[in-house]
Amino acid sequence: MTFLLGGIAVGASAVALAKLADWAQLAFAFLLSESRYAALLVTPLGFTLSVYLTSRFFPNSQGSGIPQAIAARQLTGHAARQRLVSIRIAVGKVLLTLLGLLCGASAGREGPTVQVGASVMFALGRMSPRHQPGLILAGAAAGVAAAFNTPLAGIVFGIEEMSRAYETRTSSLVIGAVIAAGLTSLALVGNYDYFGSSSTMLRNGTDWLAIPLCGIAGGLAGGAFSRLLIEVARGLPGRLGPLTKQFPLAFAAICGLGVALCGLASGDMIYGTGYAQVKSALETDIPLHWDFGLLKLAATALSAISGIPGGIFSPSLAVGAGIGANIAHLFSGAPLGAFMLLGMVSYFAGVVQAPITAFVIVTEMTNNHAMVVPLMASALIAQATSRLLCPEGIYHALAKGFLRASTAEASGPRAPDGAAAR
């Protein structure tokens, strides 16, 4: 009963966050319609305020939230888990994710939904410590399922990324929570495909060359992105690393200014989740601008390393769509949509190194089953390529920082580099 009630709560939370995130992005778009240069002031100030509130009132709510959920499953003490997943953190995560989108951050809401889902389930299961790891896993999977309306991807994400193994004793918890969250989402917003329904497919033998090209390009870009985030979380070498830790508010303001400059260079296209831009390109077959992927990647990296709460799910899919659109220019009369889907899967698989989750989530998002085999192949190539630059998936690498911080906190004064994973 606990996981069913939790699934309903997670589904409702995911829908509420999705609606509020849309309104936050519309509010920022209205500001830009009045003066697009307002971002040069609003975005740095917003980043600074978000980091201040995070460190002052909601510690451990920074970043995506998925590493915190992974770390919470591996911890054993109730108090240690509560520092990473709790109702207080869930509230802060929602409010500060919305603040980031309100000031133009290139961030997503899906990663935060995972931490919110894990927090809700953990709170409901606090009287049953033995089941807490399973409930955290179920909450995280339900969060992905409800955020994207992708129940299969939620289950696969729970197995492949959260637990890295199939656990028979928790499988019913995960499936039950995903069903409850999915039904709640359906009841509130109806059935829908996240990026709309797509029937695009590769046409001839030449088009199939896009599979290795997208896989390699997406894997290299995703691996480089992950490596950057991991290195910043661990502390950059030289004087730069200590300075970012010593002056986090100034660092956040500089990152915010960088995002605003990327926004100006892109014609205000890279702010927010990137969902609207990708959906429009898929529906109209009008390619994204050649520098969209590059600027979106830069803005997402700056948002992620700044220390503000916000996810990388949707922005990663947007970056991948830009990569796929650019590769489509190399092929005469190429089906743009198919190339964008390959780019989305490749870059996302390169970032998270979870190829099954990558192709399942894009397949469900677009209701396109004709591209399943090409997406599978591209995801596997991207994962192998990404590992050349980043041997470990980003979420598990960042989760180790939270585990070290928790160990240091339990044994004595907090280590100066233990905050890990901005």
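1. R36 forms a salt bridge with D268, and their closest N and O atoms are 3.2 Å apart; the term stands for a side-chain nitrogen of Lys or Arg within 4 Å of a carboxyl oxygen of Asp or Glu. D268 sits in the loop between helix 12 and helix 13 (275-284), and R36 in the loop between helix 1 (2-34) and helix 2 (39-57), so this pair ties together parts that are 232 residues apart in sequence. D268 is also partly exposed, at 22% relative accessibility. Helices here are DSSP runs (H or I, at least four residues), numbered from the N terminus.

2. A word on the ground rules. This is a predicted model, in which local features need pLDDT of at least 70 and side-chain atom pairs count only at pLDDT 80 or more, while totals for chains, interfaces and linings use all residues. Residues are numbered from 1 along each chain as its sequence is written, and side-chain values use heavy atoms, with hydrogens and water left out.

3. The chain has a mean pLDDT of 90, and 94% of its residues reach 70 or more. Over residues 414-422, however, the pLDDT is below 50, and this stretch has 29 contacts in the model beyond near neighbours in sequence; a contact means heavy atoms within 4.5 Å.

4. How many salt bridges does a search of the whole structure find? There are six. Among them, E231 pairs with R227, with the closest N and O atoms 3.1 Å apart. These two are four residues apart in helix 10 (residues 210-234), which means a separation of about one helical turn. Both are partly exposed, E231 at 26% and R227 at 38%.

5. Another of the salt bridges joins D207 to R203, with 2.9 Å between the closest N and O atoms. Is D207 buried or exposed? D207 is buried, with a relative accessible area of 2%, whereas R203 is partly exposed at 48%.

6. I looked for disulfides, meaning pairs of cysteine sulfur atoms within 2.5 Å, and the count is zero. For C103, the nearest cysteine sulfur is that of C255, 12 Å away. C262 also has C255 as its closest partner, but at 11 Å the sulfurs are too far apart for a bond. C103 is buried at 4%, and C262 is buried at 11%.

7. Two backbone angles deserve a look. Most residues other than glycine have a negative phi. D285, in the loop between helix 13 and helix 14 (292-305), has a positive phi near 65 degrees and is partly exposed at 47%. N367, in the loop between helix 17 (355-366) and helix 18 (372-389), has a positive phi of about 55 degrees and is partly exposed at 38%.

8. Finally, the surface: Y37, L40, L257 and L261 form a nonpolar patch with about 370 Å² of accessible area together. L261 belongs to helix 12 (residues 248-265) and is partly exposed at 46%. Patch members have over 30% relative accessible area and no salt bridge; like charges are joined within 9 Å, and nonpolar side chains (Val, Leu, Ile, Met, Phe, Trp, Tyr) within 5 Å. Accessible areas come from the Shrake-Rupley method with a 1.4 Å probe, and for residues only the protein chains shown count as cover.

How values were computed:
Buried < 20%, exposed > 50% of the residue type's maximum accessible area, 1.4 Å probe, protein only. pLDDT = per-residue confidence, 0-100.
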